Amino acid sequence: MQGIKILSVAGIHPSKKVTNDDMSRIVETDDEWIRTRTGIQSRYFCEDGESCVSMAIEASSKALERSGISKEDIGCVICATISGDYATPSVACLVQQALGLPEDIPVLDVNAACSGFIYALCVGRGLLEGGGKKYGLVIGMEQLSRLLDMTDRTTCVLFGDGGGAAVIEKDEEALFRQVLGARGGKEISCLGAGNDESFVQMDGKAVFRFAVWAMPKCIDDLLAINDGNSITLSDIDHVVCHQANSRIIDHVVKKSKEDPSKFYKNLDHFGNTSAGSIPLALSELYESGQLKKGNKLILVGFGAGLTWGGVMISFEGGKA
Ligand code: UT7
């Protein structure tokens, strides 16, 4: 299988910070409940002029700049999201227009909820393999605040807005493994439009049980893939899990028996940004100097659908 690597990444969040105390003025909740059950202390919500599309454009522009490649060389644009500004045009199409990206390439959104960025990387790999160009733009971005029922304390305290974008490069030699799966159904988590399900609805406990099954399974399955390279978890520099709940990530760490510092967490200040959480975490790792050229990564997520997915991929750093 043709491999890909991540050439650059850039994250973004809206300007308005909303603390747990702020949430307690909206619904009957408190900082202690949210912090102890989830690890979340604050999140960001979009204000006037900010949206999924505007954030996707800004993050993509920065990721392209960091990549050091020319925009003419982009061979696909994919945005993982469930909260785009419009049902159509896609977020990806509006990013293409705003940044003046090439026209003779596939441009689309992917919906796999919180597993979306993982799915989008895999779709990007496939599209680059089938096309003539070497680079792709893969975005994970959400504006979930507009899809939350702000009277439902069991969901509205959990989510936030933001995400990131990555430039990927196809490379024959690159390490790349993928695991994707789904167990379709609307019973556990659902978000519809124009009916009773127009807000995020979720059976939190069932999602929790699913997550602590899916995430360790993805990691084990990735490590077990036989591609001729013998790789154990100790060869991996960072495991970046979907940032939904600190207790879920702690469970994954415990099962892995690895050093907890390998498992990045930033949901304390972003909440759950769904498809945005993994690129946002990668961008923070990069900006803090922890994500270095040549690092091997495992990225793993779970979400509504239900969906799950993981990739093993390396970080290349820009061409500049
Ligand atoms: O990207 C995927 C998205 N979803 C997830 O990752 C969710 C995964 N699930 C979870 O993170 C956890 O199940 C939750 C954080 C959602 C809930 O934690 P829990 O420990 O499973 O709590 P619970 O649902 O059992 O609720 C316990 C109590 C209930 O009260 P009673 O029935 O025991 O009297 C809730 O009504 O806590 C109450 N409660 C709240 N209290 C204060 C629920 N939400 C809140 C709240 N503030 N925001």
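Visitor: How many salt bridges does the structure hold?
Guide: This is a predicted model, in which local features need pLDDT of at least 70, side-chain atom pairs count only at pLDDT 80 or more, and totals for chains, interfaces and linings use all residues. Residues are numbered from 1 along each chain as its sequence is written, and side-chain values use heavy atoms, with hydrogens and water left out. A salt bridge is a side-chain nitrogen of Lys or Arg within 4 Å of a carboxyl oxygen of Asp or Glu. The number of salt bridges in the structure is 13.

Visitor: Which parts of the chain are linked by the pair Asp227 and Arg177?
Guide: The two side chains form a salt bridge of 2.8 Å, N to O. The pair links distant parts of the chain, 50 residues apart: Asp227 is in the loop between H7 and strand E11 (238-241), and Arg177 is in strand E8 (residues 176-182). Helices (H or I, at least four residues) and strands (E, at least two) are DSSP runs, numbered from the N terminus.

Visitor: Which residues are linked in a network of salt bridges?
Guide: In the salt bridge of Glu316 with Lys293, the closest N and O atoms are 3.0 Å apart. This pair too links distant parts of the chain, 23 residues apart, with Glu316 in the segment after strand E13 (307-314) and Lys293 in the loop between helix H10 (277-287) and strand E12 (296-303). Lys293 is exposed, at a relative accessible area of 59%. The network consists of Lys5, Asp171, Lys293 and Glu316.

Visitor: Why do the residues of the UniProt "active site" gather at one spot?
Guide: The unreviewed UniProt entry lists Cys114, His242 and Asn272 under this name. They span 159 residues in sequence, yet they gather at one spot because no two of their C-alpha atoms are more than 8.8 Å apart.

Visitor: Is Cys114 buried or exposed?
Guide: Cys114 lies in the loop between strand E5 (107-110) and helix H5 (116-130). Its relative accessible area is 12%, so Cys114 is buried.

Visitor: How far apart are the end C-alpha atoms of residues 229-314?
Guide: The unreviewed UniProt entry lists these residues as "domain: Beta-ketoacyl-[acyl-carrier-protein] synthase III C-terminal". Over this range the chain is 30% helix and 23% strand, and the end C-alpha atoms are separated by 14 Å.

Visitor: What separates the C-alpha atoms of Trp213 and His251?
Guide: Trp213 belongs to helix H7 and is partly exposed, with a relative accessible area of 37%. Trp213 and His251 are 38 residues apart along the chain, and the separation of their C-alpha atoms is 9.7 Å.

Definitions and conventions: UniProt positions renumbered as here; feature names shortened; annotations may be inferred. Buried < 20%, exposed > 50% of the residue type's maximum accessible area, 1.4 Å probe, protein only.
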